[in-house]
Amino acid sequence: ICGIIAMFWATKTGAPTINMPSDSTAVVEAKAKSISSNVLFFGNTYWGRYINDWSMASSLKYTYPFSRLNEFHREDYDAWISGLECPTVAGVSLTSAEEDSTLAFNCSPDYLPEAAKWFTAFTLANNHTDNQGVAGFEETRQHLEENGIQYFGHYDYQNVDDVCEVISLPVTIIQSDESTRNGKLPITICGYHGVFGIPVDEAVAEISKYSDYMTVIAMPHMGEEYKIAPDQLKTNFFRSLIDAGADMVLGDHAHKIQTSESYDGHLIVYSMGNFIFDQQENSEVTRSAGINVVMNIKNQDSKLIEKWLRIGETCATFKDNCLQQIKDQKLDKLNVTYKFGVVGTSDADKIVKPATTEQQASILERLDWQNTIKNLKQPYGGIN
């Protein structure tokens, strides 16, 4: 009150106005300026059969299959995504010989707490996730949820409803004051199992329901095993996923690295090979190509970015309503650029680790990586 009287008196008398000190200081809140996500995609992951034997013989037990993953510098990546080629059912006591002879796999869920430290999400679209029956498949989903690992895809090649799933992708947010914070962004990943039959057209068409709104990555599991190049049936199907609206296609199942290509300017990798697997026969089955995908979102309105990020926080639940939230809020699609690289791996000598310089060179040669990257079109390109 005294301050108001003083200002009034100064005005009346012509005396200089006294500026009273303010009790509060204006704070400019940093806004989201851009988003980046550095993701590694891997091929087949499996810790049953002989890997379980090696683990139980080791003092490391359930941490054994993952014990050298720190050499890939997980802290440099926002997410790791792979294909889990087994159900995870408790109480299944199969010997390695029994799994070998029947090819009915199981991966103990006792490994999942350690796996969750590394993997963000798994595709379940393959020919082994139903090896312990329908109930075993549902139990696998339950165990993944309990351990905070997202999942997508189905073992039934005729399935349509579970093919595509919006996942909550970890991202790094760069703010207007150049500080960073962690966040989550909705993207869609579609898993296709095509070992026993070609997925139906309706399953492929699911991609278009999401591609108008956000990034879509397709991860098909199909083709003839132990071949170093895809047959025409596989080539045609993988290309159809790009035609349907997928931004990229990253395949597995062959247990060997196959070629890659630029199709209509988009990346297709026909097989990434074995990431964590117990096959040890030769270098073909012990090496794999981890596909490094760096996504960047820049020059977007900060309010729009924040709306996407708020939805992203809600997308980690299977069958969530994230797509509907995006539609209801009428959000514009974010402009994303994609850069691709290759991280070679080898699980020779019974444990996965980074590829040697020589192995990395041979992996790039098999992929025909230089030609593939050269022929990509904007917004896709190679990591410099």
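These notebook entries record what I looked up in a predicted model of one protein chain.

**Entry 1: Ground rules**

I number residues from 1 along each chain as its sequence is written. Because the model is predicted, I take local features only at pLDDT of at least 70 and side-chain atom pairs only at pLDDT 80 or more, while totals for chains, interfaces and linings use all residues, and side-chain values use heavy atoms, with hydrogens and water left out.

**Entry 2: The whole chain**

I began with the secondary structure and found 12 helices and 15 strands. Helices (H or I, at least four residues) and strands (E, at least two) are DSSP runs, numbered from the N terminus.

I then looked up the extent of the chain: its C-alpha atoms fill a box of roughly 105 × 50 × 40 Å along the principal axes. Of the 384 residues, 55% are buried. Buried means under 20% relative accessible area, exposed over 50%, and partly exposed in between, with a 1.4 Å probe and protein chains only.

For contacts (heavy atoms within 4.5 Å), I considered those with a separation of 6 or more; residues 24 or more positions apart account for 76% of them. The accessible surface comes to about 17,200 Å², and 50% of this belongs to carbon and sulfur atoms. These areas come from the Shrake-Rupley method with a 1.4 Å probe; for residues, only the protein chains shown count as cover.

**Entry 3: Disulfides**

How many disulfides does the structure hold? I found 3, a disulfide being a pair of cysteine sulfur atoms within 2.5 Å. With bonded cysteines counted along the chain, the pattern is 1-2, 3-4, 5-6.

I took the link of C86 and C107 to begin with; its S to S distance is 2.0 Å. The pair connects distant parts of the chain, 21 residues apart: C86 lies in the loop between β2 (79-84) and α3 (96-102), and C107 in the loop between α3 and α4 (112-115). The torsion about the S-S bond is -105 degrees, and the link is left-handed. C86 has 0% relative accessibility and therefore counts as buried. C107 is also buried, with a relative accessible area of 0%.

I next examined C164 and C190, whose sulfur atoms are 2.0 Å apart. This pair also links distant parts of the chain, with C164 in strand β5 and C190 in strand β6, 26 residues apart. Both cysteines are buried. Here the torsion is 105 degrees, and the link is right-handed.

Finally, I looked at C315 and C322, joined with an S to S distance of 2.0 Å. The torsion about their S-S bond is about -115 degrees, so this disulfide is left-handed. C315 is buried at 1% relative accessibility, and C322 is buried at 0%.

**Entry 4: Backbone exceptions**

Most residues other than glycine have a negative phi, and most peptide bonds are trans. I therefore looked for departures from this rule.

Which peptide bond did I find to be cis? The bond from Q378 to P379 is cis, with omega near 10 degrees. P379 lies in the loop between α12 (369-374) and β15 (380-382).

E178, which is not a glycine, has a positive phi near 75 degrees. I located E178 in the loop between β5 (164-175) and β6 (180-193). Is E178 buried or exposed? E178 counts as exposed because its relative accessibility is 51%.

D368 has a positive phi of about 55 degrees, although it is not a glycine. D368 sits in the loop between α11 (357-367) and α12. With a relative accessible area of 35%, D368 is partly exposed.
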